[in-house]
Every structure is written in C-alpha cells, then in structure tokens.
Amino acid sequence: MTFYLIASKNELSTQRFLNIIQEAIRGGVDMIQLREKNLCARDFYKLALVLKRLCDEKNIALIINDRVDIALAINSAGVHLGQDDLPLKEARRLLKDKIIGISAKTKAQIDEAFAFKADYVGCGAIYESPTKDSSIIGLKGFNELTKHIKEKKYPLKAVAIGGINATNIKEFKDSGAKSLAFSSAIMRSKNVYKSCLEIKKELEKVLNFDKP
C-alpha cells in the first residue's frame, strides 16, 4: 500500500466512475477506498459490489469507508473508520483478519489504534481538500504523529491524506509516511492514466516501496 486512491462516485455515472478506476489501476494505484457519504445503504452496497469485482480482477485491495456492514456484505479487503464510526475494538472483533484503517489526528488516537489492532492510520488533513471536510494538521502535525509511532515502535503504517497531489509529494520525503492518499488529483483529472503515472513517478522518488 503506497499509492492509495480514495474514490467517490458523486455525480458521475457508474460507467464513468468505473472507467476512472480502471485507468487509475492501470496507472499504478495499489489500494482503493470507496467513500460514499451521500448514497443510501442499498446504493452503496450495489456500487461496492461492482467495484469489488473489478478490484478482484486486478488484484487490488478494496477498502470500504465507514460501513462495516457493507465491508462484510461484499467481503472487501477491509474498512476505514472515522473517529465517530463503529468503535475500532468492535470492528476488529467483526472483521477478524481484515485490513482496518482509522483516521487519527492525535497521539491518543494513535495509541488507541495500536491497542485495538488497526493496520494503518490515516492522518490529516495535511492540506485543504475540496473532497474532504476536515481540520488541517499540516505537515508539522503529521510529522509529530509519525515520530510518535516510531518512538513507540508501533507496527502501524501512517497514511497522509488531504489535498495531496503530484506537486506536493516531495514535501513528504523523510516524513515517516508509508503511503499517500489521493482523491481529487485523480478523480477530477482530465487524463487519469497520465496523472497516475506522474504521481507514481514522484512517489518512487519520495517513498521507499520496499519498506515494511
């Protein structure tokens, strides 16, 4: 997990949405989170099921945002939880060996993520983002969280999220980030494949893909 796409259908047709995902995978995305805040449970489930089939064909892990029930229903690779979602302890009990990520802005939230066996923490927003309404922790805040993870020797992967694009990837060198998450930089691109290739090239300069 290095090149992480957070995907939302929004006003796109299902076919256009899937076309974007296909181009993103072709361009190097290696994990996808389906984030749908405005769909009812049934429509979220239907879209997740279609996307799951595509991800399975390409051997890409699909993470469901917020909804543990949908993650279970489609047998996704895992779930990403916010601080107001189902408690991590309960999610781990239900999802057993699945991937669980949790949003974290504080050291206390990092400690809880470790205690209840999260696999990664999504830390941000780093910059202002048109797709996610979240307070800004900035690079300084992110670095403080990754330093805490390192000092505690937690086996948690830190994923930077929020307003990240091809032009600011270089700022994460030596930040402790194991992965960077992208949304609008890909989902709103006029040429998804080309944008992903550019991002992947920059990621290879900044993050060591072979690091655990």
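View 1. Eight strands close into a barrel with parallel pairing, in the order 1-2-3-4-5-6-7-8. From one strand to the next, the twist averages 25 degrees. Strands (E, at least two residues) and helices (H or I, at least four) are DSSP runs numbered from the N terminus, and two strands pair if DSSP finds at least two bridges between them. Axes are lines fitted to C-alpha atoms, for helices over the stretch in contact, and angles between N-to-C directions run from 0 to 180 degrees. The model is predicted: local features need pLDDT of at least 70 and side-chain atom pairs count only at pLDDT 80 or more, while totals for chains, interfaces and linings use all residues. Residues are numbered from 1 along each chain as its sequence is written, and side-chain values use heavy atoms, with hydrogens and water left out.

**View 2. Strand 7 between its partners.** Strand 7 (residues 157–161) is largely enclosed by the rest of the structure, because four of its five residues are buried. Buried means under 20% relative accessible area, exposed over 50%, and partly exposed in between (1.4 Å probe, protein chains only). Strand 6 (residues 120–124) runs parallel to strand 7 and is joined to it by five bridges; G124 has I161 as its bridge partner. Strand 8 (residues 179–182) pairs with strand 7 over two bridges, also in the parallel sense, with L180 opposite A160.

**View 3. L180 and the nonpolar cores.** The largest nonpolar core has 62 residues, and L180 is listed with I32, L51, V121 and I186 as having the most contacts inside it. Such a core is a set of buried Ala, Val, Leu, Ile, Met, Phe, Trp, Tyr and Cys residues joined through side-chain atoms within 4.5 Å. Beyond its neighbours within four places in sequence, L180 is in contact (heavy atoms within 4.5 Å) with T2, F3, Y4, V159, A160, I164, I169, F172, L203 and L207. A second, separate core has eight residues, among them Y4, I6, Y120 and A181.

View 4. In helix 4 (residues 88–95), the buried residues are L88, A91, R92 and L95. They fall within an arc of 100 degrees seen down the helix axis, so they line one face of helix 4; the arc is that of the directions from the axis to the C-beta atoms. Packed against these buried residues are helix 3 (68–74), strand 4 (78–81), strand 5 (99–104) and helix 5 (107–115). K89 and R93 are exposed, on the face turned away from the buried side. After helix 4 comes K96, with a positive phi near 50 degrees.

**View 5. Helices over the sheet.** Strand 4 and strand 5 are parallel and pair over four bridges, and G78 has I99 in strand 5 as its bridge partner. Helix 4 lies across both strands, at about 170 degrees to strand 5. Helix 6 (residues 138–152) packs on the sheet, where it touches strand 5, strand 6 and strand 7; its direction makes about 175 degrees with that of strand 7.

**View 6. Q109 in helix 5.** Q109 is found in helix 5 and counts as partly exposed, at 21% relative accessibility. Leaving aside neighbours within four places in sequence, Q109 is in contact with Q83, S103 and A104. Q83 and Q109 are 26 residues apart in sequence, with their C-alpha atoms 8.5 Å apart.
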